[in-house]
Amino acid sequence: IRFINLSQAEVDHAKALGTVPFSEASPLSLQSLLDKTRQPALPNRPRWSYDWTPEELATSEREGFETWLSESIHVEERQHPTKGHMQMEVPKALSYFETNLNIYRQLWRVVERSDIVAVITDARIPLAHCPCNIVDFVATFCDYSGRGQTLDEDAPHPRFHEAVVGKPVVIILNKADLVPASVVEDWRQFLLTAYSESVVGVLAVSSQQLRTDPASRAAFDADLIRTVRTSLGVEAPGKVAIGLVGQPSVGKSSLLNGIVGHKVVSVKRTPGHTKHFQTHFLDCEGALQSARQSGIEVDPSLSKEDSRSVMLVDCPGLVIPTMGCTVEVEADPIRQTLLSKALQVATGVFPQARTREYYSSVRLLMEAVPGFWEAFITSKPFAPLGKAYRLAQGIEETVEEGDAEGEEGEEGVEEEEGIQRLFHHGVAGIPHTPHAFLASVATYKNFLNKGGAPDVHRAGHAVLKACVDGKVAFHVPPPPPETQVETQAQAQPEVSDS
């Protein structure tokens, strides 16, 4: 994974904003991600021919990618003011995005080999992983591979296949077990309406349940195959290829293992673990047999499939470039830059090992995600912080039956010592700044620097890791319908009366 990192000035400014109190910002609003006039288009593969040499193909793709960087993303190379080397600069409101051409090459090959593309998202904030530019990229993709076409042998060289424009899209809401069912259904309806011209179906699933529950696996495989075959008009056992595309940390590899029924790809916490596209066949017979052995009734349509009728094409995780701020803030370009990237850190799209400051993500979660503070202080890793907060507010603790026994032992002693540290340092109340938030976590966890000061960076890593792993149960509801209508109206070109 290659990114254009924050400048030192942006990092210093973020640390300075860490002591600015939280404000009553508007809830997290992602409607700008639906604005086709605002979001940068993803690079399409340049037209190519099988008559080209590998060097000619590589040169064409590299030149096309560089043109996209300069014209669509507006990346500029400038000399570093002090060190003298050349560095790339991007518009301030642009998010982190993949700058490695090889990853886009993998994306191009996956879409070319697929009959339909499934975009994998995190059900907690689906639109953050499925902006309009990735859907439009698939829906308008120009496929020059020529599958099913024959070339005129007498045609002049290089001979080009006619372009097949566009592939249908299915959106999969992964990690649906972390979100209330009603919110998942609201997102499903919202995405079907927002992408009505391109998306043929929205499915919700939990990759964890697929691996442990044969019925869930058989039911989801049947729903996915039914959606794909209905869209393509191909009856079983006709061969179909389903591309799997998604950003890092949406659980794409875990989902693939769950769909197939056994481990076919390795899974790691580090985003961008998958480097090259892979193909796997969906074992429909295995799903049926496993479900029947468990005494579960499954969709009979799966019995029409064979072991090689459905192929899954797995693409490496791609960090999608998006433009725009996620919350309404004052006209501060550096703060807008930080907020546009903060969501990527909070959702695990940007690797935490490369994150230089966590204040922006904490501010985003506290200010713009409804109910985040309550979810945080009631989560298992940070529940003692909630206890300390309630004690500081004079709220009596209600001890449920069986809790007293659970608080005994080494874990209970550590929690009590952590709460005492919070009161000793005066950070047991509700934090009013990102720095105070992380300082309270560091104090409770006893994360200290060499000088004895709270290690807020380590605390930020612990907080954001818990959020990405689902230990802090937060989610964002879809935008209201009237907002969606306004956004779609803005994307329509103006028509003159004359």
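Reader: In this predicted model, which side chain of opposite charge is nearest to the buried K341, and how far away is it?

Author: K341 is buried, yet K341 has no salt bridge. A salt bridge requires a side-chain nitrogen of Lys or Arg within 4 Å of a carboxyl oxygen of Asp or Glu. The nearest side chain of opposite charge belongs to E10, at 5.7 Å.

Reader: Where does K341 lie, and which backbone oxygen lies 2.7 Å from a polar atom of its side chain?

Author: K341 is part of helix 11, which covers residues 333-346. A polar atom of the K341 side chain lies 2.7 Å from the backbone oxygen of L94.
The residue asked for is therefore L94, within the 3.5 Å cut-off for a polar contact.

Reader: What is the distance from D455 to the nearest side chain of opposite charge, and where is D455 found?

Author: D455 is found in the loop between helix 17 (434-445) and helix 18 (456-468). Leaving aside neighbours within four places in sequence, D455 is in contact with A442, F447, L448 and N449. D455 is buried and has no salt bridge; the nearest side chain of opposite charge is that of R458, at a distance of 5.5 Å.

Reader: How many disulfides does the structure have, and how far from C130 is the nearest cysteine sulfur?

Author: A disulfide is a covalent bond between the sulfur atoms of two cysteines. The cut-off for counting one is 2.5 Å between the sulfur atoms, and the count comes to zero disulfides. C130 is in no disulfide, and the nearest cysteine sulfur, that of C132, is away by 9.4 Å.

Reader: Is C130 buried or exposed?

Author: Buried means under 20% relative accessible area. C130 has a relative accessible area of 0%, so C130 is buried.

Reader: What kind of pair do the rings of W68 and F97 form?

Author: The structure holds 16 aromatic pairs. In the pair of W68 and F97, the ring centres are 6.3 Å apart and the planes stand at 90°. Planes over 60 degrees apart count as edge-to-face, so the pair of W68 and F97 is edge-to-face.

Reader: How many residues apart in sequence are the parts that W68 and F97 tie together?

Author: W68 is buried, with a relative accessible area of 5%, and F97 is buried, with 2%. W68 lies in helix 2 (residues 54-71), whereas F97 lies in the loop between strand 2 (86-89) and helix 3 (101-113). The pair therefore ties together parts separated in sequence by 29 residues.

Key: Residues numbered from 1 in each chain as written. Predicted model: local features only at pLDDT ≥ 70, side-chain atom pairs only at ≥ 80, totals over all residues. Heavy atoms only, no water. Helix = DSSP H or I, 4+ residues; strand = E, 2+ residues; numbered from the N terminus. Buried < 20%, exposed > 50% of the residue type's maximum accessible area, 1.4 Å probe, protein only. Lys, Arg positive; Asp, Glu negative; His and termini not counted. Polar contact = N/O pair within 3.5 Å; in protein donor to acceptor, adjacent residues only side chain to side chain. Contact = heavy atoms within 4.5 Å. Phe/Tyr/Trp six-rings, centres within 6.5 Å; stacked < 30°, edge-to-face > 60°.
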